[in-house]
Amino acid sequence: MQCARAWRVLSPLLRAAQRTPTRSYTAAARMDLSGIYPPIATPFTATEDVDYQRLEANLKKYAEIPFKGLVVQGSNGEYPYLTEEERVEVVRTVRRSLPADKLVMAGSGCESTKATVLLTEKMAAAGADAVLVVTPCFYKGKMDSRALIQHFTKVADSSPVPVVLYSVPANTGLELPLDAVTQLSQHPNILGLKDSGGDITRIGLIVHKTKAQDFQVLAGSAGFLMAAYCVGDQEVGSPRPQAGDGVVWFPRRRLSLASPAADGGGDAAAEAGLHLHRLAVR
């Protein structure tokens, strides 16, 4: 009798669970981040409001250059100084103004997991193809691997679009630990990592330790573009650099240096990398 009563209680719940669709991560598996993604600035008016007119003017110029897409609300976008509504509206404006074949990667990181989940959903609804999630850092002393893995896993579980981890220790004072990156690389909705720390040994280790996963490691500064290219090329047999414009990041699978001189092969690519490094340290 107790078994029968238990079944009558559980049966509707089981049927409901069977009807509940599981989240699909096929988009993350398909998306290739190879290419150049300028981290765009957010223009402001004299009264410190977002200048959407100038933003749209900038976007028209970006559209004329063969970028793979744009990074919106990265460090260059000064997202800490925007309200949540402004952050979402900037992404919506970019998506509306940008050609459909250009990817929009939107920063959605917040200090709490709940706030990050909610903002990630809003960024996806505003048109983001992927989200860039920075490490929470206000309580950095408590942000160990366990806490960060839990945070990013919950965000990736809930996100309707693929997630890119973002480690920028110069701004956060916190570097995403190597063991955390390795474990998170196995999540089907986490595409990769943008590493702006500039430690080539660390980038090489990440590439090596995640080579069994479909995980893309991106260098976040022109100052170590060429070095990151070499690490990716040696690790996974990436093709030689291709021509491009702009300064930004590239994944380890198909790395591109931001100079037409890169078409000339290894020596030309090295020359292009040194040129970018000189620009970066000016």
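In what sense do strand β5 and β6 pair, and over how many bridges? In this predicted model, strand β5 (residues 190-195) runs parallel to β6, and the two are joined over 4 bridges; strands count as paired if DSSP finds at least two bridges between them. Within this pairing, G192 stands opposite Q216 in β6. Helices (H or I, at least four residues) and strands (E, at least two) are DSSP runs, numbered from the N terminus.

Stepping back to the whole sheet, 6 strands form an open arrangement in the order β1-β2-β3-β4-β5-β6, with parallel pairing. Its edges are β1 (69-72) and β6 (216-219), each of which pairs on one side only. From one strand to the next, the twist averages 20°.

Two helices can be followed on this sheet. Helix α6 (residues 145-158) packs against it, touching β3 (130-134), β4 (163-167) and β5, and its direction makes about 165° with that of β3. Helix α9 (residues 200-209) also packs on the sheet, here touching β4, β5 and β6, with a direction about 165° from that of β5. Contact means heavy atoms within 4.5 Å; axes are lines fitted to C-alpha atoms, for helices over the stretch in contact, and angles run from 0 to 180 degrees between N-to-C directions.

A search of the whole structure for aromatic pairs finds 1. The ring centres of F138 and Y139 lie 4.9 Å apart with planes at 80°, so the pair is edge-to-face (centres within 6.5 Å; planes under 30 degrees apart are stacked, over 60 edge-to-face, the rest tilted).

Residues are numbered from 1 along each chain as its sequence is written, and side-chain values use heavy atoms, leaving out hydrogens and water. As the model is predicted, local features need pLDDT of at least 70 and side-chain atom pairs count only at pLDDT 80 or more, while totals for chains, interfaces and linings use all residues.

Terms used
Rings of Phe, Tyr and Trp (its six-membered ring) pair if their centres lie within 6.5 Å; planes under 30 degrees apart count as stacked, over 60 as edge-to-face and the rest as tilted.
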